[in-house]
Amino acid sequence: TSSTPALCGVNNGTATVSTSGGVGPFSYSWSPGGQITASISNLAAGTYTVTVNAPLSCTPPQPATVVVPSPTRPSVNAGTDQTICIGSSANLTASGANSYTWSPSTSLTSTSGASVTSTTTSTITYTVTGTDGSGCTASDQVNVNVNSVATVNAGIDQSICAGESVTLSGSVGGSATTGTWSATSGSFSNANSLTSTYTPSITSGTVTLTLTTKDPAGPCQAVT
């Protein structure tokens with residue numbers, strides 16, 4: 001017996017049985033389908049049984065099994081998940097197939113091709129469907145996580161008398177959760193506290209205090 005595979009989604013497989021010995025003529029009966037020839041076509045992937053009968057031979061009808069295989073589906077890979085800062089873009093690249101379709105189309109430069117670019121402003125999951133040369137398809141997903149821009153506010157300017165300290169009131173926002181104080185002189189009770197106490201080392205004049213975000217650790221930049 002022999003067979004050729006059926007393409008994905010297409011009933012075009014074949015199955016053939018051959019005989020040796022015996023006295024013809026031979027008759028054939030296939031199941032499923034009921035065909036009565038030695039070779040049959042337009043088959044879906046699956047298992048077929050053929051019974052060969054030779055009335056002039058001294059042997060009973062002989063059954064045989066033929067498997068029409070289905071091609072292996074492609075192994076599509078959408079790439080690793082990405083994290084971007086809002087306002088940035090993510091380059092997405094798929095592999096494992098011959099052609100690709102991306103969905104949804106939200107913020108994509110194109111919905112076809114192995115490589116596309118996303119300028120999404122919110123976290124989203126994309127699905128890429130790949131098709132190989134046999135018409136078989138497979139899908140994979142990739143997440144694009146979007147971090148908001150970090151924000152920081154050192155608070156209002158303050159005036160104190162010489163020898164005094166001042167309690168600061170900084171704030172951070174967006175994707176930032178902490179910040180660090182710095183100055184060219186003086187000292188902080190805890191430079192990593194938004195409400196740190198600052199003691200200047202000068203007795204007159206002006207000192208500029210800077211509050212810088214310490215995170216996020218991802219693609220968004222620290223701000224001051």
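This is a predicted model: local features need pLDDT of at least 70, side-chain atom pairs count only at pLDDT 80 or more; totals for chains, interfaces and linings use all residues.

What volume does the second largest pocket have? I get about 220 Å³ for the second largest pocket. Residues are numbered from 1 along each chain as its sequence is written, and side-chain values use heavy atoms, with hydrogens and water left out.

**Pockets**

I wrote down the pocket rule: on a 1 Å grid over the protein atoms alone, a pocket is an open set of points where a 1.4 Å probe fits, with protein on both sides within 12 Å along at least five of seven lines, and lining residues have an atom within 4 Å of a point. Points are joined across faces, edges and corners, and the volume is the space filled by probe spheres set on them.

The second largest pocket is lined by 16 residues, and Thr 19, Ser 20, Phe 26, Val 52 and Gln 62 are the closest to its centre. I looked up the strands (E runs in DSSP of at least two residues, numbered from the N terminus) that contribute here. β5 (46-53) and β6 (62-68) each supply at least two lining residues, and β6 gives the largest share, three residues. For the classes, Ala, Val, Leu, Ile, Met, Phe, Trp, Tyr, Cys and Pro count as nonpolar, Asp, Glu, Lys and Arg as charged, and the others, Gly among them, as polar.

Next I checked the largest pocket, which holds about 570 Å³ of space. It has 23 lining residues, with Gln 158, Ser 159, Val 166, Val 207 and Leu 209 the closest to its centre. The lining splits into 13 nonpolar, nine polar and one charged.

**Sheets**

Strands pair if DSSP finds at least two bridges between them. I found an open four-stranded sheet with mixed pairing, in the order β7-β12-β11-β9. Its edge strands are β7 (82-85) and β9 (99-103), each pairing on one side only. The twist averages 25° from one strand to the next, taken between N-to-C directions of lines fitted to C-alpha atoms, on a scale from 0 to 180 degrees.

β11 and β12 run antiparallel with eight bridges; Tyr 126 has Val 142 in β12 as its bridge partner, and Thr 131 has Thr 137. β7 runs parallel to β12 with four bridges, and Thr 83 stands opposite Asn 145.

I also noted an open three-stranded sheet, β14-β18-β17, with antiparallel pairing. Two bridges join β17 to β18 (197-199), and Phe 188 faces Tyr 198 there.

**Cysteines**

How many disulfides are there? I count one, taking a disulfide as a pair of cysteine sulfur atoms within 2.5 Å. Cys 8 and Cys 136 form it, with sulfurs 1.6 Å apart. The link is right-handed, at 85° about the S-S bond. Cys 8 sits in the loop between β1 (2-4) and β2 (13-16), and Cys 136 in the loop between β11 (124-131) and β12 (137-147), so the pair ties together parts 128 residues apart in sequence.

Buried or exposed, for Cys 8 and Cys 136? Both are buried (under 20% relative accessible area; exposed is over 50%, partly exposed in between, 1.4 Å probe, protein chains only). Cys 161 is exposed, at 52%.
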